Amino acid sequence: MKKINASLLILPIFLLLFSSLIAKENPKAKRLSDYVNPNIGSVHSRWFFYTPAAVPFGMAKLGPSTNGSYGNANGWEAVGYEDNHTSIEGFPCFHEFQIGGIMLMPIVGELHTRPGSLEHPEDGYRSSFKKENEYATSGFYSVLLDKYNTKVELTATDRVGYQRYSFPQSDESYILFDIGNKLGESGAVEDAYIRMVDETTVEGFVITKPEYVKKYQPEASVKMFFYAKLSKPSNDVKTFLRGESISHQKEIRGVGACLAVKYKTSKNEKITIKIGQSYTSIANAKLNYEAEAATQNFDKTKEKALLTWNEMLGRIRAEGGRHEDRVKFYTGLYHALLGRGLANDRNGAYPKNDGSIGHIPLNSKQQPKHHYYNTDAIWGAFWNLTQLWAIAYPEYYSDWVQSQLLVYKETGWLGDGVANSKYVSGVGTNFTSLAIAAAYNCGIRDFDYHLGYEAALKNEIEGKNRPAGAGKLDVEAFVNRGYCPYIPSDDYFITKQDEGSVFGASHTMEYSFSSFAVAQFAKHLNKDQDHRKLSKLASNWENLFDPDSQLIRPRTLDGAFLKKFDPLAAWEGFQEGNAIQYTFYVPHEPNKLVKKVGRQIFNDRLDSIFVLSQKNTFGGGKTVDAFAGVHALYNHGNQPNLHVSWLFNFSGKPYLTQKWVRTICNEFYGVEGVHGYGYGQDEDQGQLGAWYVMAGIGLFDVKGLTQIDPELQIGSPLFDRIEIKLSNIYYKGKTFVIEVENNSSENMYVQSLSKNGKTQHSVSIPFQDVVNGGVLKIKMGENPNLDLLQ
């Protein structure tokens, strides 16, 4: 692990020299970051979606806010930045699931004490801007604020945000620190403090109560700290609570706390603010600043951020194909590498679940032995993120697992989503055990896997004293009854009944899948009794299979199938979906599902679903809403369906997987603000982007790497050549190359396959063969090859 971390410290230096040589030889050479367009899909996007000024998996994630101060009622609604908005209220530094805060804003002239609204920006300090004066890519953002004739530029290191303002000539130029107000998914502010330490230093903190923390760990809160250095001494300082009178004090505490640093500026004068960030203390925010930014200027940091992005994006190099597809591909990969950010300090300090500060052990170089990350729920991420992590970013996957185990060691339970170690269960279930088991299957084992197994097993079978934030509150019903009964309820977030759930049917399908995953983990570790028990639980989904309708149908507490059954009714036994969609949720036993339905009926039904769904953009149509597709036959805009187009590989018609996966890539995904990931669909921290990446390279595992010896299914690659750089810490191979012959929009069907020179007729490839390195050659054509099978 630390070999990787150490190399990453010196990597930008070599990359900078190398990129300079390349530029001299070919001044028109594109960097992969040139294909990244963060604005794609930003209309109706989540708080954590739009943070261009960040490095991969960083803590400091900066971007503009157009409506972040609006907050959101339930903690998940779209808020933050939208491509179709025309004014900006500020530039926040923290963007994570349930975490938001520390917003800065340059102001010229009158100092307003409120941000104003989108409809009436003149009522506050927000400013209008023009799209032609805005630029965003991975690692950098800039915009000209019309109201103040001030240019704003943003970039970042891992834990330090940089903001540079180019002011006009003015006797009243300000840098506003808006600290004590709700922002994005932060929830209500409980306390805030900010002070001007000296003429160039500002520090403070904010404590918030996110909506999901209120639901799942109501006694807890989330803390954010900062330490900021200004490149120019201030002339004056003003403080106020939002909307109240201004004073000339140098510090202020309380909800609404704001501080404005005043300057006299000349034309185009640049002032830079470096903001050290931390989740543990102001002292550690200062330490992070001193370690990462004290001697670095804005331009060098910007270039290092771009170089880091290009190294990480360059682990998967796609060549050929359409330019639009490369834009979708690298923007999707960018989003996959942006989410779930760093939460420990340079000295290993990290926030614990109980509110205290923990410390990750240090290595001989006084660096943390691993990192700790905040994370949204892993719901559905086994069909996108974990596959991508396992192949190209295994060191991050390892850190993610160890992050989860820190929470387990402290609380005795695996979290689902965690914000500063606080439980923020996104959907009330918990697939963390599946993801830990999959990591082990892939050979990622540099964590305490015995502890990992203990945690995973407990997650699958134990319900006693289970905290709400650990999800799966009805798991004992699943274990004891063989299914989770459907109990109607208006409480979609937490159902207190141990005997069942409002989402009993979808939970039954999910728990069956994760039981299978941990069963394989048990088999690896020779836990024979556990393996037998979990394997039996893995088939519990069959208890909800209705042979008459050949659909998954909820059962009630009395064991009977739900009487008034509408297969397209969303939320009735099924989380964010319906019976048609969840009937295909048997990724671990697809052959058994095909046999139950009958191969011909299965293929005809599934193919017709996609024929009809194509007319509806594969789910939500053009309705801008995260849940627009939950009533549809198929919904690509949400997690439960993301494996379905690949099931034809298990039903004897892999050419239909090739057809429909390619079509989804072309039509569901776009390159516009509103049409990026569907139309305003729910791109949860890179999941839809990562799905496109896996589909684009033509590899995917329906089973989410849960098979004891995982296999990837082969689809229809979008590019002529794909080269994946492999980790020499975890894998034997150096690169895995996919060479695609005769590829075009019309030639979407695989004609022949050869692996390392040997012809094969199977559309599967062992995961181990991929990471051992080699060459997969695929010849394409316009007609299906009916001889290729699973």
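**Figure 1. Salt bridge between Arg315 and Glu395 in the predicted model.** Both Arg315 and Glu395 are buried, in a structure that is a predicted model. Their side chains meet in a salt bridge with an N to O distance of 2.9 Å. Arg315 belongs to the loop between α4 (298–313) and β17 (316–319), whereas Glu395 belongs to helix α7 (residues 394–411), so the pair ties together parts that are 80 residues apart in sequence.

**Figure 2. Salt bridge between Glu292 and Arg159.** The structure holds 31 salt bridges. In the one shown here, the closest N and O atoms of Glu292 and Arg159 are 2.7 Å apart. Glu292 is part of helix α3 (residues 282–292), and Arg159 is part of the loop between β7 (150–156) and β8 (160–167); the pair therefore ties together parts that are 133 residues apart in sequence. Glu292 and Arg159 are both buried.

Figure 3. The side chains of Arg553 and Asp546 meet in a salt bridge, at 3.1 Å from N to O. Arg553 has a relative accessibility of 17% and therefore counts as buried, the limit for this class being under 20%. Asp546 is also buried, with a relative accessible area of 3%.

**Figure 4. Aromatic pair of Tyr50 and Tyr141.** The whole structure contains 57 aromatic pairs. Among them is the edge-to-face pair of Tyr50 and Tyr141, with 6.3 Å from centre to centre and 85 degrees between the planes. Tyr50 is located in the loop between α1 (2–25) and β1 (87–88) and Tyr141 in strand β6 (residues 140–145), so this pair ties together parts that are 91 residues apart in sequence. Tyr50 and Tyr141 are both buried.

**Figure 5. Aromatic pair of Tyr440 and Tyr449.** The rings of Tyr440 and Tyr449 form an edge-to-face pair, with centres 5.1 Å apart and an angle of 65 degrees between the planes. The angle qualifies because edge-to-face pairs are those with planes over 60 degrees apart. Tyr440 counts as buried at 7% relative accessibility, whereas Tyr449 is partly exposed, with a relative accessible area of 26%.

**Figure 6. An aromatic cluster and two lysines placed over tyrosine rings.** One aromatic cluster is formed by Phe382, Trp383, Phe431, Phe513, Phe574, Tyr582 and Tyr585. In a separate panel, the charged end of Lys30 sits over the ring of Tyr35, at 5.0 Å from the ring centre. A further panel shows Lys472 over the face of Tyr511, with a distance of 4.6 Å to the ring centre.

**Figure 7. Strand β33 and its pairing partners.** Strand β33 (residues 774–781) pairs with strand β29 (residues 735–741) in the parallel sense over 6 bridges. Within this pairing, Lys779 of β33 is the bridge partner of Glu741. Strand β30 (residues 749–755) pairs with β33 in the antiparallel sense, over 6 bridges. Here the bridge partner of Leu753 is Ile778 of β33.

**Figure 8. The largest nonpolar core and the surroundings of Ile175.** In soluble globular proteins, nonpolar side chains tend to be buried together. The largest nonpolar core of the model has 231 residues, and those with the most contacts inside it are Ile175, Phe177, Val202, Tyr397 and Trp691. Helix α11 (residues 504–524) gives the most to this core, contributing 9 residues. When neighbours within four places in sequence are left aside, the contacts of Ile175 include Leu104, Met105, Tyr165, Phe167, Leu230 and Ile273. Another core, of 8 residues, lies apart from the largest one and includes Tyr162, Tyr227, Ala285 and Tyr289.

**Figure 9. Two asparagines with positive phi.** Asn149 has a phi near 50 degrees, a positive value in a residue other than glycine. Asn149 is placed in the loop between β6 and β7. Asn268, although not a glycine, has a positive phi of about 60 degrees. Its loop is the one between β15 (257–265) and β16 (269–278). With a relative accessibility of 52%, Asn268 counts as exposed.

Definitions and conventions. Residues numbered from 1 in each chain as written. Predicted model: local features only at pLDDT ≥ 70, side-chain atom pairs only at ≥ 80, totals over all residues. Heavy atoms only, no water. Phe/Tyr/Trp six-rings, centres within 6.5 Å; stacked < 30°, edge-to-face > 60°. Helix = DSSP H or I, 4+ residues; strand = E, 2+ residues; numbered from the N terminus. Buried < 20%, exposed > 50% of the residue type's maximum accessible area, 1.4 Å probe, protein only. Lys NZ or Arg CZ within 6 Å of the ring centre and 35° of its normal. Salt bridge = Lys/Arg side-chain N within 4 Å of Asp/Glu carboxyl O. Pairing = 2+ DSSP bridges. Core = buried A, V, L, I, M, F, W, Y, C linked by side-chain atoms within 4.5 Å. Contact = heavy atoms within 4.5 Å.
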